[in-house]
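Hi,

Here is the structure I promised to pass on. Have a look at it first, and my notes on salt bridges, cavities and a surface patch follow below.

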Amino acid sequence: MATNNNAPLGIEAELFKAADKLRGNMEPSDYKHVVLGLIFLKHISDSFETKHAELMAEYPEGAEDRDEYLADNIFWVPKEARWSHLQANARQPTIGKIIDDAMLAIEKDNPSLKGVLPKDYARPALSAIMLGELIDLIANISTRTEKGQERDLFGRVYEYFLKEFAGSEGKRGGEFYTPRSVVKTMVEMLQPWKGRVYDPCCGSGGMFVQSESFVEAHGGRIGDIAIYGQESNHTTWRLCRMNLAVRGIDADIRWNSEGSFHKDEFPSLKADFILANPPFNVSDWGGERLRDDPRWKYGIPPKGNANFAWLQHILHHLSPTGTAGVVLANGSMSSTQSGEGEIRKAMIEGEVIDCMIALPGQLFYSTQIPVCLWFLARDKSNGIARDRKLRDRRGEILFIDARKLGHMVDRTRREFSDEDIEKIADTYHRWREGEGYEDIPGFCKSASLEEVRAHGHVLTPGRYVGVEAAEDDDTPFPERFAELQAELEEQFAEAERLTGVIRERLAGVTL
């Protein structure tokens, strides 16, 4: 692939295809750090070189003044780390060490990047020839665009590569990447306009990127929201830091191996918006050590499943008028085991559940199991969404059944279109604002607390919107079969988990 410094904005797929071809037999989980680290290095080097050229033309004596770069939120890049130096040495057998030295130099001169960049390019398992070809390939990401578009271009390429690597890794990939259409749905519903945005299990930072995109798309500026995140996987934390830095997003992202339950990095934070995709149905979250935790206002979560621990941790961190969107497995809407039904009942009666959405299967790389979205509100009697006052929603919960939305983008994966997202978000906005909302059989229903009580405090939207009538449609058999198969797999998984719990308890019985 020849170098083309005027490559258009739609080159993401072509670049990924070429980069993927170069990886040979290397595992995607390993290779992604090699590629994404180089993309990051190219981005900060190009940003530096652009500013350097401007200073040389207008203020030459400031060209080597670090403060001139910091003032524009541009990282200082020493000479030995600049892309021109790497490209000039791309065919050297020592290119791996040259890249490692560049990463070390950048971290040394930019304390905010300390411990973030990959620095193992010199390891024997990496071919120097492959690294040289990657450097030439990544040179295709042009920065010769309209002023202000450079970050958008690199951000798009970085996000595309994250998405494709997540797809290549399958279940493991889902641990660091939430599909864009799911994130965008949550962001469009919550409308994080100004204030504090928090994600207690932030992965590679997709929730934050989409939140900033929302602000900019609606006339705001990067910086109108303050971003806080925590991640327990160190490698994923590094991906997140680079992902945000590529887009020029300033954020307080913290890592520790204990995680948000056991070492909350922001114990006093009260966020205006929380968006989270916690790991599904985690059984080894150490709940037995947190039985008396003050976060469990609605009941002690079972030690064998963290779903209701995540919900209550998130509620604990909401500001008095804060709202949250959380991705959870479908079982959270109806489970009664180990006290989960009582916790859900207490949350319903406590008026903190605003909206429930059933999603179709095959949206995620990590699982074919259908999942749901929980939308929480600290105070349903009050609130403002952007510049619109919200009505008093106490005594009601909105149910949306979105299982029939979306389209298949390949044999195994589904996505929401912009029209699908708009349909879901507009329904929620009209309901919250009290203007133009109507129940739509088979899609949405504003149910009273009395109705929810009558259903035993189960929150599955299909119970309320009239799913039986809606299912007599012309859904192609392969799609319907895939949905049924996914539901069955979820039930199998739940049965296996219950079997493990029973065996564990039987083992503890003394005769």
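Going by a cut-off of a Lys or Arg side-chain nitrogen within 4 Å of an Asp or Glu carboxyl oxygen, the count is 29 salt bridges. Before you read on: this is a predicted model, so local features need pLDDT of at least 70 and side-chain atom pairs count only at pLDDT 80 or more, while totals for chains, interfaces and linings use all residues. Residues are numbered from 1 along each chain as its sequence is written, and side-chain values use heavy atoms, with hydrogens and water left out.

Glu351 sits in the loop between helix H13 (340-349) and strand E6 (353-358), and Lys380 in the loop between strand E7 (371-377) and strand E8 (384-385), so the pair ties together parts that are 29 residues apart in sequence. (Helices, H or I with at least four residues, and strands, E with at least two, are DSSP runs numbered from the N terminus.) Lys380 is buried at 2% relative accessible area, and Glu351 also counts as buried, at 17%. The classes are: buried under 20%, exposed over 50%, partly exposed in between, with a 1.4 Å probe and protein chains only.

Lys163 pairs with Glu164, with 3.8 Å between the closest N and O atoms. Here Lys163 is buried at 18%, whereas Glu164 is partly exposed at 22%.

Within helix H15 (residues 449-454), Arg453 and Glu450 lie three residues apart, about one turn of the helix. Their closest N and O atoms are 3.6 Å apart in a salt bridge. Salt bridges with shared partners also join Asp30, Asp120 and Arg123 into one network.

A cavity here is a set of points on a 1 Å grid over the protein atoms alone where a 1.4 Å probe fits but cannot get out; lining residues have an atom within 4 Å of a point. There are three cavities of 30 Å³ or more, and the largest cavity holds about 80 Å³. Helix H7 (150-169), helix H8 (180-190) and helix H9 (206-217) each give two or more residues to its lining. Among the lining residues are Glu159, Tyr177, Arg180 and Asn243.

Last, the surface: Leu498, Ile502, Leu506 and Val509 make a nonpolar patch of about 370 Å². Patch residues have over 30% relative accessible area and no salt bridge, with nonpolar side chains joined within 5 Å. Leu498, in helix H18 (residues 477-507), is partly exposed at 34%.

Cheers

Methods. 1 Å grid on protein atoms, 1.4 Å probe; cavity = no way out; pocket = protein on both sides within 12 Å on 5 of 7 lines; lining within 4 Å. Points joined across faces, edges and corners; volume = space filled by probe spheres on them. Patch = residues over 30% accessible without salt bridge, like charges linked within 9 Å, V, L, I, M, F, W, Y side chains within 5 Å. Areas by Shrake-Rupley, 256 points an atom, 1.4 Å probe, with all protein chains shown as cover.
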